[in-house]
Amino acid sequence: MTSDYLTIASEIRELENLLAAIPEGNVIERMSLESRLESAKAALAGLPQQFAPKARLTFRGKPVFGSHGIAADFGGKAAGAFSDAFAAVAAGLSEGLRYMGPIPNRDKNQLLITGTAIGSFGFEFELPETEPSLFPEAEKTQEAMAKIEALFRLAAEGSDDEVAEVIEEVHPRAVKKVHDFLELLVQQQAWCGLDFGDRSFRYADFEQIRASCERLKDENIQEAEETYRGEFQGVLPAGRTFEFQLADQAGLIRGKVDLAIEDPDVLNREWLHKPVTVKLNVMQVGQGRPRFTLMTLDDLSV
């Protein structure tokens, strides 16, 4: 049924774009398209209702009494902290999260508790998205839940570089919210598991979640602003990646262009192979390799 939805929705979008390009005065030319658009919308409305994807968050440890129940105070705080982490990660993936200020679209990215998850007691969450979408941005809620599962798993079992890769994708501020959730569990001597789609991870015990919490704390994720002298060797605008040849030492920096820079290709047009001083954000997780990001063009100087 999802494929039918996407096919009809694609037709609707195409028809609306065609109509937008035709002047209102061209009545005859518009009539056929408008009729097709009405039929497509009626067909879409007649499809069975799409169900939102769900995730199961379960707990073990001191506040949990088997599959019977969970301490109310802990359960409420844990659900709230997990919802905060989800909203922050969704905002980070949607290009709207900054280091300061309110989390964008927080109301739109609220999880809905739709039931209890039995086995080890927990909650079933319904994601905000209620139907498939043609636009990648609308799928960020599902990607956000997958990234949280990845952070849980990699913080427990992955390398520093693997953890850093996810942090780059979701923004350090969002990772701080995930850490806050894990820290709450550690304080209450609890651990958790997360099931979403075909992804599933469960902390083996309290020691494993405590170690994961340590890996995601601020002290283990080092960020600094550093200045380098050299020349841009090239920028891939679609991938938002660059290469920068250092002038005062043998070495090549490969990094990313932050989303705040709307047109990365300007580096190819105006700064390619020119001696320049640049400030880069440098992020390093544990003993992993440093990761470089060009945050702004304002600090470029010849």
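1. Val-27 sits in helix 2, which covers residues 27-45; helices here are DSSP runs of H or I with at least four residues, strands are runs of E with at least two, and both are numbered from the N terminus. The model is a predicted one, in which local features need pLDDT of at least 70 and side-chain atom pairs count only at pLDDT 80 or more, while totals for chains, interfaces and linings use all residues. Residues are numbered from 1 along each chain as its sequence is written, and side-chain values use heavy atoms, with hydrogens and water left out.

2. Together with Ile-28 and Met-31, Val-27 makes a nonpolar surface patch of about 350 Å². Such a patch takes residues with over 30% relative accessible area and no salt bridge, joining nonpolar side chains (Val, Leu, Ile, Met, Phe, Trp, Tyr) within 5 Å and like charges within 9 Å; accessible areas come from the Shrake-Rupley method with a 1.4 Å probe, and for residues only the protein chains shown count as cover.

3. Helix 2 also holds Arg-30 and Glu-34, four residues apart, about one turn of the helix, and their side chains meet in a salt bridge at 3.4 Å, N to O. The term requires a side-chain nitrogen of Lys or Arg within 4 Å of a carboxyl oxygen of Asp or Glu. Arg-30 is buried at 9% relative accessible area, whereas Glu-34 is partly exposed at 32%; buried means under 20%, exposed over 50%, and partly exposed in between, with a 1.4 Å probe and protein chains only.

4. In helix 3 (residues 72-93), Asp-73 and Lys-77 are four residues apart, about one helical turn, and their side chains form a salt bridge at 3.4 Å, N to O. Asp-73 is exposed, with a relative accessible area of 54%, while Lys-77 is partly exposed at 46%.

5. A further salt bridge, at 2.6 Å from N to O, pairs the side chains of Arg-210 and Glu-207. These two residues are three apart in helix 7 (residues 206-215), again about one helical turn. Salt bridges that share partners join Glu-24, Arg-30 and Glu-34 into one network.

6. For the chain as a whole, the structure holds 20 salt bridges, and the secondary structure comes to eight helices and 12 strands. Buried residues make up 42% of the 302 residues, and the C-alpha trace spans about 70 × 65 × 30 Å along its principal axes.
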